Amino acid sequence: MRDKDKKRQLILDAAIGLFMEKGFANTKMIDIANAVNMGKSTLYGYFESKELLFCQLIEEKVLEGYATGVVTSIDPSAPVRNQLIQMAEFDLAAIQGAGYFFNAAEEISKISGISQNEEFMRRVHDILSLRFNTLSDIIKRGVANGELKEAGAVAMPIMLNGIFNFFLPAKGGVMPGIPEMERLLCASIASIQVADVIDLVLEGIARKVE
């Protein structure tokens with residue numbers, strides 16, 4: 001590995017720790033430069049902005065692994081319930097493995113100035129779209145093979161995506177900067193099984209009339 005590549009990796013590794021410790025908004029480029037004993041101007045030679053640095057972390061820590069892993073983790077020939085559990089379990093592992101970046105991407109995109117960064121927004125959109133489209137594909141397969149009603153083909157991926165966006169990060173304990181009440185909710189959610197949540201969506205809570 002070339003010296004420049006090694007230094008670039010040191011920058012990324014330092015940035016990970018700082019983002020997780022201080023949050024994106026409170027981490028400055030000078031903090032990252034100091035962490036790797038580098039001048040601020042030299043750091044800008046590697047990354048033009050904090051947003052682009054974070055964007056690269058999104059690419060390496062989340063998008064590349066998620067795009068490959070989510071496909072191989074799901075058996076498309078399995079029943080819909082099994083596919084959803086497989087995806088949820090993969091998602092949970094991804095969140096726990098690269099949680100800060102996976103969970104914070106959407107919220108960080110709302111910070112003033114970042115929403116104008118087209119490349120950053122494209123990559124955030126890639127992550128969120130990949131999850132939603134994978135859920136949609138599972139539901140479409142369930143409709144095609146008769147497991148699910150066609151009427152739920154549009155609403156169910158939206159419902160599941162909402163569950164994945166909140167339930168899985170909370171279960172994984174990866175919700176940085178949340179208030180006390182949400183921390184307590186995370187503790188409550190930790191005991192809920194992924195399969196039980198999937199069953200609740202698929203079957204509902206209404207008592208069936210015989």
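The chain holds 10 helices and zero strands. The model is predicted. Read from the N terminus, the order of elements is α-α-α-α-α-α-α-α-α-α. Of the 210 residues in the chain, 41% are buried. Among contacts with a separation of 6 or more, 66% link residues 24 or more positions apart.

On the α1 side, the contact is made by Arg-8, Gln-9, Ile-11, Leu-12, Ala-15, Ile-16 and Phe-19. On the α4 side, Lys-50, Leu-53, Phe-54, Gln-56, Leu-57, Glu-60 and Lys-61 take part.

Aromatic pairing was examined next. The count comes to one aromatic pair, with ring centres required to lie within 6.5 Å. The partners are Phe-19 and Phe-54. Their ring centres are 5.3 Å apart, and the planes stand at 75°. The pair is edge-to-face, since planes over 60 degrees apart are classed that way. Phe-19 belongs to helix α1 (residues 3–22) and Phe-54 to helix α4 (residues 50–72), so the pair ties together parts that are 35 residues apart in sequence. Phe-19 and Phe-54 are both buried. Elsewhere, a charge meets a ring. The charged end of Lys-4 sits over the ring of Tyr-46, at 5.5 Å from the ring centre.

Gln-83 is a buried polar residue in helix α5. The helix spans residues 80–97. The relative accessible area of Gln-83 is 0%, so the residue is buried, the limit being under 20%. Its side chain makes a polar contact of 2.6 Å with the side chain of Arg-141. The side chain of Gln-83 also reaches the backbone oxygen of Pro-76, at 3.3 Å. With residues up to four places away in sequence not counted, Gln-83 touches Ile-74, Asp-75, Pro-76, Ala-78, Ile-138 and Arg-141.

Thr-134 lies in helix α7, which covers residues 118–144. Its relative accessibility is 12%, so Thr-134 counts as buried under the 20% limit. A polar atom of the Thr-134 side chain lies 2.7 Å from the backbone oxygen of Leu-130. Beyond residues up to four places away in sequence, Thr-134 touches Val-70, Ile-74 and Met-87. Val-70 is 64 residues from Thr-134 in sequence. In space, the two are 8.1 Å apart, C-alpha to C-alpha.

Asp-199 has a relative accessible area of 18%, so it falls under the 20% limit and is buried. Leaving aside neighbours within four places in sequence, Asp-199 is in contact with Arg-81 and Gly-204. Gly-204 follows α10. The phi of Gly-204 is positive, near 80°.

Terms used
Residues are numbered from 1 along each chain as its sequence is written. This is a predicted model: local features need pLDDT of at least 70, side-chain atom pairs count only at pLDDT 80 or more; totals for chains, interfaces and linings use all residues. Side-chain values use heavy atoms; hydrogens and water are left out. Rings of Phe, Tyr and Trp (its six-membered ring) pair if their centres lie within 6.5 Å; planes under 30 degrees apart count as stacked, over 60 as edge-to-face and the rest as tilted. Helices (H or I, at least four residues) and strands (E, at least two) are DSSP runs, numbered from the N terminus. Buried means under 20% relative accessible area, exposed over 50%, partly exposed in between (1.4 Å probe, protein chains only). A charge sits over a ring if NZ of Lys or CZ of Arg is within 6 Å of the ring centre and within 35 degrees of the ring normal. A polar contact is a pair of N or O atoms within 3.5 Å; within protein, one must be able to donate a hydrogen and the other to accept it, and residues adjacent in sequence count only if both atoms are side-chain atoms. Contact means heavy atoms within 4.5 Å.
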